[in-house]
Every structure is written in structure tokens, then in C-alpha cells.
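Welcome! Here are a few exercises to work through with the structure in view.

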Amino acid sequence: KAGSVIVYGGRTAEHQAAYNNQLQEWAAGTEKAIPLIISADLEYGASQRVPQDATTFPRQMGIGATDSLEYAELVSSITGKEARAMGFNWNYSPVADVNTNPENPVIGVRSFGEDTDLVADMTAAQVIGNQKEGVMASAKHFPGHGDTSVDSHYGIAQVTYDRDTLDKVHLPPFQAAIDAVTDSIMTAHVII
């Protein structure tokens, strides 16, 4: 009675498509026959999970350095097309964190940069690119993980800035994602 599946590890495009199709076939054979939501972190393209057969893009900081919303949307559109072809329908991307702490051990190049407006604009462009290809986007890591000093995969990160900084620096990219009609927002596992 699963409703969604997240995929990790590297596979070929053919194997990934067969895997995801098998999951959907099993879901279709249940009493409710509700299709699964199949997700993955595809921050730098579908190659993050299918390294041999999918297009590899720069990390988001590289895309941010182009200062091109057209490129940001194009990257996520291509990612969406490739993801959809393999049976993914939910991408845990874009990273909407403003990278204000250069010693942050987990966000770094996963962020579009340290400029709030740039991160907000790029986040919105990538939400649009994914979703126009039929893949749900997920802006992450709300309310912002860019000014922490602990990798939250291994410890408890803490946000120490004040409310004004939260409102002016870290929340605008999430508002931009909402304004772009993102299908989801992933919360951070941090102490606020």
C-alpha cells in the first residue's frame, strides 16, 4: 500500500525505466490501482541517478554563474524530459537555499549562489522547467539550509540568524517557488 517510492543508486536508463514500470504495474494491480509517485534527487540532471545514459549538467552554482534564467529553465526541462522517459514523476529539486555560509558542508555548490534575488529567480525557472515536462518539482530545504555549519544528513544543523534575515534572505526563494506554482516544498531537518 505504498504511495510513493524514492530511488537511489546508479542504473542504466533501460534498467531504471523497467524498474519504475514494474513498480507502476504492481501498483496498478492493487485494489485501488492508484499510480505511484516515483521520485529521486535529480539536482544536476537525471544523470545523478542514471550516470551512464542521461545528460549531466553543472551543479546549481554553475547554472547560477551563467545568470541566465533561460538556461536554468532549459536544464530543468531536459532533466524533466529524461526523468519522465524513465518513469520518474517527482524531482527533489531545485535547491532553493541561499548559500550565505561558505563553510556550509552540505549545500555549497548545490545552491545557485549567495544572492537572494538570483537564487529566487533561478528556483522559479527550474520549477517551471520541471513541471512543464510533467515532473513535480520540490523546492528545498525550507526555510533555508544555506547558513548552517552541520551536514544535516549526519548531525543536527542549526539556523542561528534572526527573523529579519530569515524574511529578507532565506525565504524569498521559497516564495518564488510558490509563485511559480511548485508542486511541493521539502522541509529541512534543522533546528530553527
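**Exercise 1.** Find which helix gives the most to the lining of the largest pocket.

*Solution.* Start with the helices, which are DSSP runs of H or I of at least four residues, while strands are runs of E of at least two, both numbered from the N terminus. Helix α1 (residues 13–28) gives the most to this lining, with three residues. Next, look at the space itself, which is about 310 Å³ in the largest pocket. On a 1 Å grid over the protein atoms alone, a pocket is an open set of points with protein on both sides within 12 Å along at least five of seven lines, a cavity is a set where a 1.4 Å probe fits but cannot get out, and lining residues have an atom within 4 Å of a point. Grid points are joined across faces, edges and corners, and a volume is the space filled by probe spheres set on the points. Finally, sort the lining by class: nine residues are nonpolar, two polar and three charged. Here Ala, Val, Leu, Ile, Met, Phe, Trp, Tyr, Cys and Pro count as nonpolar, Asp, Glu, Lys and Arg as charged, and the others, Gly among them, as polar.

A word on the model: it is predicted, with local features needing pLDDT of at least 70 and side-chain atom pairs counting only at pLDDT 80 or more, while totals for chains, interfaces and linings use all residues. Residues are numbered from 1 along each chain as its sequence is written, and side-chain values use heavy atoms, with hydrogens and water left out.

**Exercise 2.** Describe the second largest pocket: how much space lies in it?

*Solution.* The space comes to about 260 Å³. Of the 17 residues that line this pocket, the closest to its centre are Asp41, Arg110, Lys140, His141 and His153. Strands β4 and β6 each supply at least two residues of the lining. By class, the lining of the second largest pocket divides into four nonpolar, seven polar and six charged residues.

**Exercise 3.** Work out in what order the strands of the open sheet run.

*Solution.* The five strands follow the order β1-β2-β3-β4-β6, with parallel pairing; two strands pair if DSSP finds at least two bridges between them. At the edges are β1 (4–6) and β6 (184–187), each pairing on one side only. Now go pair by pair. Strands β1 and β2 pair over three bridges, and Val5 stands opposite Ile38 in β2. From β1 the chain crosses through α1 to β2 in a right-handed β-α-β crossover, that is, with the strands pointing away from the viewer, the path from the first strand over the helix to the second runs clockwise. Strand β2 (residues 37–40) pairs with β3 (residues 90–91) over two bridges, and Ala40 stands opposite Asn91 in β3.

**Exercise 4.** Which helix supplies the largest share of the lining of the largest cavity?

*Solution.* First, the cavity has a volume of about 40 Å³. Its lining includes Leu42, Glu43, Val75 and Asn91. Helices α3 (69–85) and α4 each supply at least two lining residues, and the largest share, three residues, comes from α3.
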